[in-house]
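Welcome! Let us walk through this structure together, step by step.

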Amino acid sequence: MRGNAEPSVAGADDAPAVEFTGVGRHYPGGVRALDGVDLRVERGEMAAIVGPSGSGKSTMLNLVGTLDAPTEGAVRVFGHDVGSLGDDQLSALRARSIGFVFQQFHLAPNVRALDNVAEGLLYSGVPLRVRRARAAEALERVGLADRAGHRPHELSGGQKQRVAIARAVVGAPALLLADEPTGALDTVSGAAVLEVLDELHRGGVTVIVITHDRELADGLPRRVEMRDGRIVSDSGPPAAGTAGGGGPSPVPVAVVGPAAGSGEVAR
């Protein structure tokens with residue numbers, strides 16, 4: 001376990017949501033998944049990280065989500081250098097400030113949508129009644145209040161993904177990471193899911209979408225293109241005043257809590 005000294009949070013309120021400085025991620029056998037990456041994503045932005053398989057985009061997701069650590073350089077999330085945080089602090093940062101949405105919905109079978117969403121607060125320490133109340137609010141936010149009692153097999157693919165999004169945001173994270181969120185959906189369902197993500201962005205949540213779909217990426221406010229572990233193009237942040245604002249703020253990582261299961265993302 002890494003050191004558990006509580007980091008200072010001074011200046012965190014002014015820090016970007018995500019900042020990479022000279023980041024490399026190397027694996028045995030000479031594999032360089034990332035090589036000297038610099039990136040800054042401001043709070044309230046909505047951005048796509050796009051590239052073909054093996055470009056490094058999933059490694060970027062792992063690092064932003066604090067599921068992995070860089071071999072070189074620094075990764076900061078809301079001003080905190082994740083390489084300096086202890087395991088409990090990383091778990092607290094993930095549980096309280098980062099939401100994950102994956103291509104596969106990962107919903108518990110034969111469990112109604114309300115309780116699948118409430119599971120996102122399982123490690124929050126709040127009573128079941130409160131978890132369900134917040135889950136109902138999250139389902140309403142994604143337009144599925146009338147499906148709260150439905151099991152996954154009673155939902156369409158697009159509805160399942162919206163339940164997964166509700167579960168990711170039920171804890172009001174400041175940063176939402178979506179890995180190929182429309183990859184398993186038809187065009188109409190995919191458009192509905194993107195509309196939900198855009199609404200969250202307009203509400204102030206920082207949204208980063210990982211995708212190989214250039215058409216999807218072209219429709220987002222910012223596109224960062226990866227190839228061979230490097231950023232080859234970046235459309236840049238939107239003009240001042242166009243990003244979402246006033247959304248949830250990250251909690252100090254000195255508040256340590258139990259780990260929230262976020263799943264493992266393959267490189």
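Predicted model: local features only at pLDDT ≥ 70, side-chain atom pairs only at ≥ 80, totals over all residues.

Is T59 buried or exposed? Its relative accessibility is 3%, and buried means under 20%, so T59 counts as buried. From there, you can follow the chain to A69, ten residues along from T59; the C-alpha atoms of these two residues are separated by 9.7 Å.

Now step back and take in the whole protein. Its secondary structure comes to seven helices and ten strands. The protein has 267 residues, and 48% of them count as buried. Contacts that reach across the sequence are well represented too: among contacts with a separation of 6 or more, 75% are accounted for by residues 24 or more positions apart.

Next, let us turn to a pair of helices. Helix α5 covers residues 157-169 and helix α6 covers residues 187-202; their axes come within 9 Å and cross at roughly 20 degrees. Angles under 35 degrees count as roughly parallel, and α5 and α6 are therefore roughly parallel to each other. The crossing in which α5 passes α6 is right-handed. On the α5 side, the contact is made by G158, Q161, R162, I165 and V169, while α6 brings S189, V193, V196, L197 and L200. Sorted by class, this contact of α5 with α6 has six nonpolar residues, three polar ones and one charged one.

One of these residues deserves a visit of its own. Q161 lies in helix α5, and with a relative accessible area of 0% it is buried. Which residues does Q161 touch, once its neighbours within four places in sequence are left aside? Q161 is in contact with V101, F102, Q103, F105, P181, L185 and V193. V193 is also among the α6 residues that make the contact with α5.

A pair of aromatic rings is described by the distance of the centres and the angle of the planes.

Note on methods: Residues numbered from 1 in each chain as written. Heavy atoms only, no water. Axes fitted to C-alpha atoms, helices over the stretch in contact; angles between N-to-C directions. Helix = DSSP H or I, 4+ residues; strand = E, 2+ residues; numbered from the N terminus. Parallel < 35°, antiparallel > 145°, perpendicular 65-115°, else oblique. Left-handed = near helix turned anticlockwise from the far one by under 90°. Contact = heavy atoms within 4.5 Å. Nonpolar A, V, L, I, M, F, W, Y, C, P; charged D, E, K, R; others polar. Buried < 20%, exposed > 50% of the residue type's maximum accessible area, 1.4 Å probe, protein only.
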